[in-house]
Amino acid sequence: MNTFAASSDVQAPLASLDEWEDFLKTRYPEPAESGAVAFRATDPEKKKEEFRNYEAEARPTVREFYRQNHRWQTHEFARAKREEFLTLQRREMGIWEAMEYLNQLVDDSDPDTDLSQLEHLLQTAEHIRADGQPRWFILTGLVHDLGKILCLWGEPQWAVVGDTFPTGCQFSDKIVFPQFFADNPDSQDPRYQSATGIYEPGCGLDQVQLSWGHDEYIYHVTKDYLPEEALYMLRYHSFYPWHRENEYTHLTNERDREMLHWVRQFNPYDLYTKNHAKPDTKALRPFYEDLIAEYFPAKLRW
Ligand SMILES: [Fe+2]
Ligand SMILES: [Fe+2]
């Protein structure tokens, strides 16, 4: 019995999951040149102004998506979903098979201009490869969004994508649309009202229960096979409050702070590689099948 059936019945606001990622690109525009970034960083007034703008400019669908996400992602919800999905007893699939499975995810995106899920994965990986990054890094790009298969199992958009954030402690006001947390029951729970909440300062992110989504899921599927740097990238790639806003550092430990650099290195490949030419899936497949076989068994548990 799914305790959260009622909440997952609410209408899916996004025409496609890409709408969320397109919004992220508006909020975190690709730096045109390093000088421009430095200027923004030293001009707090300018930054404040941009902070207001992205909310005002967000499409109503994106706004509604965040409203649902912030309303329903409670500490208890995040715990229950871990219990439901992380036993990995749904199916056995190889990585390429999972990519094709995810590709069944059809939404209202435009097939002529938008990338399929599989194309986004290949494109991310290809940009990492073109930069001469290590083979495990390329493979990380290839698998990073496979957790979105949760959508195919009836999970609502707000429980699969969206910027992730810690549950069980105070919500940071640097999280996008922080005002929507007013409707989250955790905002009334006395245990969660301090900066550390139920956690010890410096406990490490591994001890912190983030809101539930595709990052945590793919981390668990792949955790026995990839290097630690890769696992950090997978597990925290949507944790924008940490890797972009520098929030929640009081919960991190030494290891997290060392690994943050890798999470940040991954982010531009995810966010800024989408508008280029579509990858040739058939031509690329042999290279990626070899790479997959180098790290993963023929079948993994999902
Ligand atoms: Fe993602
Ligand atoms: Fe992605």
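View 1. Tyr28 is partly exposed, with 16 other C-beta atoms within 10 Å, where a residue counts as buried if 20 or more other C-beta atoms lie within 10 Å of its own, as exposed if 12 or fewer, and as partly exposed in between, the C-beta atoms being placed from the backbone. The model is a predicted one, in which local features need pLDDT of at least 70 and side-chain atom pairs count only at pLDDT 80 or more, while totals for chains, interfaces and linings use all residues. Residues are numbered from 1 along each chain as its sequence is written, and chains are lettered from A and ligands numbered from 1 in the order in which they are written. Tyr28 sits in the loop that joins helix H2 (18–27) to helix H3 (34–41); helices (H or I, at least four residues) and strands (E, at least two) are DSSP runs, numbered from the N terminus. Leaving aside residues up to four places away in sequence, Tyr28 touches Arg244 and Leu271, a contact being two residues whose C-beta atoms, placed from the backbone, lie within 7 Å. Between Tyr28 and Leu271 there are 8.9 Å from C-alpha to C-alpha, although the two are 243 residues apart in sequence.

**View 2. Helix H8 (residues 117–130) and its surroundings.** Twelve of the 14 residues of H8 are buried, so this helix is largely enclosed by the rest of the structure; among them are Gln117, His120, Glu126 and Arg129. The buried residues of H8 pack against helix H7 (95–102), helix H9 (135–143), helix H13 (254–271) and helix H14 (281–295). After H8 comes Gly132, whose phi is positive, near 70 degrees.

**View 3. Helix H9 against helix H11.** Seven of the nine residues of H9 are buried, so H9 is largely enclosed by the rest of the structure, and Phe137, Thr140 and Gly141 are included in that set. The axes of H9 and H11 come within 10 Å and cross at roughly 20 degrees, the axes being lines fitted to C-alpha atoms, for helices over the stretch in contact, with angles from 0 to 180 degrees between N-to-C directions. That makes H9 roughly parallel to H11, a label for angles under 35 degrees. At this contact Trp136, Phe137 and Thr140 of H9 meet Ala230, Met233 and Leu234 of H11.

Note on methods
Angles under 35 degrees count as roughly parallel, over 145 as roughly antiparallel, 65 to 115 as roughly perpendicular and the rest as oblique.
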